[in-house]
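Have a look at the sequence and the fold first, and then we'll go through the parts.

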Amino acid sequence: MSFSIATLKEINFDSKILKQVEDIFFLSTSVKSFASEERRLTFFKRWCGDYQTHYPQEFFVVMEGEKVLGYLSGCQDSFASLKVLDVPGGAVFLDQFEKFPAHLHINFHPDARGKGLGSLLVHHYMKVLKGQGIKGLHLTTSPDAQNVNFYLRLGFTHTVKREFKGSELYFMGAILD
């Protein structure tokens, strides 16, 4: 199998690719039902679509031919992102952003998981960030999420737990050296 990684800019926001990204997003999210189509679209916009709009140069897709296997949305300046992204809990870890200024979200189609592609994509983004002089990368998850061990293996070993609206959030940071 031959895989490629491209940014949304490089693929010129191809509508077929964007539809596949949306499908993967909804296959991957823990929220499965919505009160209305408007709520469903607002949810997508918040957690994926706004990254496509504001950070297309940091929105990567992994493809096999014409098929999207997964994507990574990132932002190298989490401080600045608070002004343009409506992410609940985004400021809970504000004190961690200086050391870990960039952040990411990643999702893969269920059929493409467990093949090393997520690691490949995260390492690709880390390399891009290092090339731009960014020293740290983070993500937020929950402490009991299945993805915690995946991120620990990738070097996201700086961890902080904080409460947000009755739930516990888990900050995981990696130093890029």
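## Starting with a helix

In helix 1, the buried residues are Ile17, Val21, Glu22, Ile24, Phe25 and Phe26. Buried here means under 20% relative accessible area, exposed means over 50%, and partly exposed is in between, all with a 1.4 Å probe and protein chains only. Helices (H or I, at least four residues) and strands (E, at least two) are DSSP runs, numbered from the N terminus.

Before going on, a word on what you're looking at: this is a predicted model, where local features need pLDDT of at least 70, side-chain atom pairs count only at pLDDT 80 or more, and totals for chains, interfaces and linings use all residues. Residues are numbered from 1 along each chain as its sequence is written, and side-chain values use heavy atoms, with hydrogens and water left out.

So what do the buried residues of helix 1 pack against? They pack against helix 2, strand 2, strand 3 and strand 4, where contact means heavy atoms within 4.5 Å. The length of helix 1 also checks out: at 1.5 Å a residue, its 14 residues should span 20 Å, and its end C-alpha atoms are 20 Å apart, which agrees. That expected span is 1.5 Å times one less than the number of residues in the helix.

Seven strands form an open sheet with mixed pairing, in the order 1-2-3-4-5-7-6. Two strands pair if DSSP finds at least two bridges between them. At the edges sit strand 1 (4-7) and strand 6 (158-164), each of which pairs on one side only. From one strand to the next, the twist averages 25 degrees. For angles, axes are lines fitted to C-alpha atoms (for helices, over the stretch in contact), and values run from 0 to 180 degrees between N-to-C directions.

Helix 1 (residues 15-28) packs on this sheet, touching strand 2 (59-64), strand 3 (67-75) and strand 4, and its direction makes about 80 degrees with that of strand 3. Helix 2 (residues 37-54) lies across strand 2, strand 3 and strand 4, and runs at about 80 degrees to strand 3.

Now follow strand 5. Strand 4 (residues 102-108) and strand 5 (residues 136-141) run parallel and are joined by two bridges. Across that pair, Ala102 stands opposite Leu137, and His103 stands opposite His138. With strand 7 (residues 167-175), strand 5 runs antiparallel, and six bridges join the two. There, Thr140 stands opposite Phe171. Strand 5 is largely enclosed by the rest of the structure, because five of its six residues are buried.

Strand 4, helix 4 (residues 117-131) and strand 5 also make a right-handed β-α-β unit. A crossover is right-handed if, with the strands pointing away from the viewer, the path from the first strand over the helix to the second runs clockwise.

## A few residues up close

Ile106 is found in strand 4. Not counting residues up to four places away in sequence, Ile106 touches Tyr71, Leu72, Gly118, Leu121, Val122 and Tyr151.

Val87 is found in the loop between helix 3 (78-84) and strand 4. Leaving aside neighbours within four places in sequence, Val87 is in contact with Arg46, Trp47 and Tyr51.

Two other loop residues have a positive phi without being glycine. Phe13, in the loop between strand 1 and helix 1, has phi near 55 degrees. Lys165, in the loop between strand 6 and strand 7, has phi of about 50 degrees.

| Residue | Relative accessibility | Class |
|---|---|---|
| Ile106 | 13% | buried |
| Val87 | 21% | partly exposed |
| Phe13 | 39% | partly exposed |
| Lys165 | 73% | exposed |

## The cysteines

How many disulfides does the count come to? It comes to zero, where a disulfide is a pair of cysteine sulfur atoms within 2.5 Å. The sulfur of Cys48 is 14 Å from the closest cysteine sulfur, in Cys75, too far for a bond. Cys48 counts as buried at 0% relative accessibility, and Cys75 counts as buried at 1%.
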